[in-house]
Amino acid sequence: MTAASTAVLATDNAHAQAKQTTPEKSLYERLGGVFAIAAVVDHFSDAVVKNPIVGQKSKNPQLRKWHTKNLGRLPGLKFMRTLWVCDVSGGPFKFVATKPGTTPLGLEEAHRDLRISPAEFDEVAAELGRTLDHLKVPKPEKAEVLAAFAAHKDEVTAGYKRA
C-alpha cells in the first residue's frame, strides 16, 4: 500500500468516525430555522388563497368564504402555521391549538367547519409541494415536510366526514 492510499484510508476512517459522533440535524435545522420556515409559510399561505380549487374561487363554500371574508386573520394564521412547522420539525417553538381538540395539535377542531374534503386536502398538499419547489427546498427535506403534512389528513378532513 502506498503512503497516499494509506492517507486516504485514514481520512475516510476519520470522516466515518466524525459522522458517527456528529448528531443528525433536525428537519428544523435542515430547513434553515424559523426565518426560512416563515418564508415558506408566507408564500404557501398566499398561494392557497389564490388557488382555484381551495382558495377564493373554491367550490367549497366554507373555504371560499374563509379566503374572501376572513383574510384579516391571515397574518395570525401564518404565525400559527409557522409555529406548527417549527414544532413538528424539531425546532424550539411549541404550537398550541387555539381550539383544543381530541388530538394534541387540535387540527380537527381548527378545520372542522371548513369541511375540507380529502381531494381538497391533497390540493393544499400539492400547493405546499409547489411552494417548496419554488423556494428550492432540497428533495429529502421536501419529502419530510410533505410526509408531516400528510400525517394529519384525517384530522383536517374530519369535518368533511361528519358533514
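Reply: A crossing is left-handed if the near helix is turned anticlockwise from the far one by less than a right angle, and right-handed if clockwise. Helices (H or I, at least four residues) are DSSP runs, numbered from the N terminus. The model is predicted, so local features need pLDDT of at least 70 and side-chain atom pairs count only at pLDDT 80 or more, while totals for chains, interfaces and linings use all residues. Residues are numbered from 1 along each chain as its sequence is written, and side-chain values use heavy atoms, without hydrogens and water.

Me: What is the handedness of the crossing of H3 and H5?

Reply: H3 and H5 cross in a right-handed manner.

Me: Which quantities describe two packed helices?

Reply: The angle between their axes and the distance between the axes. Axes are lines fitted to C-alpha atoms, for helices over the stretch in contact, and angles run from 0 to 180 degrees between N-to-C directions. For helix H3 (residues 33-50) and helix H5 (residues 74-88), the axes come within 9 Å and cross at roughly 130°. H3 is therefore oblique to H5; angles under 35 degrees count as roughly parallel, over 145 as roughly antiparallel, 65 to 115 as roughly perpendicular and the rest as oblique.

Me: At what angle do H7 and H8 pack?

Reply: Helix H7 (residues 118-134) packs on helix H8 (residues 139-150) at about 160°, with the axes 10 Å apart. H7 is therefore roughly antiparallel to H8. H7 passes H8 in a right-handed crossing.

Methods:
Helices (H or I, at least four residues) and strands (E, at least two) are DSSP runs, numbered from the N terminus.
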